[in-house]
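Please read them with the coordinates open.

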Amino acid sequence: MRTMVDTRETVAMDHDDQRRLQPAQKTVPIVAASAVASDAATDWIDVCAVEDVPLQGARVLRRPRGGDVALFRSAAGAVFALLDRCPHKGGPLSQGIVFGERVACPLHNWSIGLADGQAAAPDVGCARPFALRVSAGRVWMDATELRAGD
Ligand code: FES
């Protein structure tokens, strides 16, 4: 089952923040976590194909509870997952610009590490990272972690 996801509905922003947002060009259809096959031997679930996440872009995974998860893919092809909420004022990181293994928040340009979610100094804060693994061209995530709230 494929679903279009609009990350804007889950983010509280003021009027100035809204004006800074770029059109959601990087929001793409996703496979809902509840609709994909589970690996019975582990708690990992197949959430999408690696190629479903655009190079130097992002894709949003909506969870049953808690905030959305942003999946990112670097230019080199590495895949990362962070809570789609900037540690500054909650901006949608999935709509940011991916460079190297970092994403620039679309609201105030904080630079967030894709591997650990840490903001680059002098800014301080962390976007929650999520575990994932890539196998046979698919992205797998921990179902228990996805089901947990923020
Ligand atoms: S919300 Fe301000 S830099 Fe992300």
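1. Ground rules. This is a predicted model; local features need pLDDT of at least 70, side-chain atom pairs count only at pLDDT 80 or more, and totals for chains, interfaces and linings use all residues. Numbering starts from 1 along each chain as its sequence is written.

2. First sheet. Three strands form an open sheet in the order β4-β5-β6, with antiparallel pairing. Strands here are DSSP runs (E, at least two residues), numbered from the N terminus. Two strands pair if DSSP finds at least two bridges between them. β4 (57–61) and β6 (79–83) are the edges; each has a single partner strand, so one side of each lacks a neighbour in the sheet. Neighbouring strands are turned by 25° against each other on average, direction ignored.

3. β5 (residues 69–73) and β6 run antiparallel and are joined by five bridges. F72 stands opposite F80 in β6.

4. Focus on F80. This residue sits in strand β6. Is F80 buried or exposed? F80 is buried, because 23 other C-beta atoms lie within 10 Å. The cut-offs: 20 or more such atoms within 10 Å means buried, 12 or fewer exposed, and in between partly exposed, with C-beta atoms placed from the backbone. Leaving aside neighbours within four places in sequence, F80 is in contact with F72, L114 and A115. Contact means C-beta atoms, placed from the backbone, within 7 Å.

5. Four bridges join β10 to β11 (residues 138–142). R133 stands opposite W140 in β11.

6. Positive phi. Two residues that are not glycine deserve a look. A136 has a positive phi of about 50°. A136 lies in the loop between β10 and β11, and is exposed, with 8 other C-beta atoms within 10 Å. N109 has a positive phi of about 70°. N109 belongs to the loop between β8 (102–104) and β9, and counts as partly exposed with 13 C-beta neighbours inside 10 Å.

7. Cis peptide. The bond from A121 to P122 is cis, with omega near 10°. P122 lies in the loop between β9 (111–113) and β10.

How values were computed: Axes fitted to C-alpha atoms, helices over the stretch in contact; angles between N-to-C directions. Contact = placed C-beta atoms within 7 Å.
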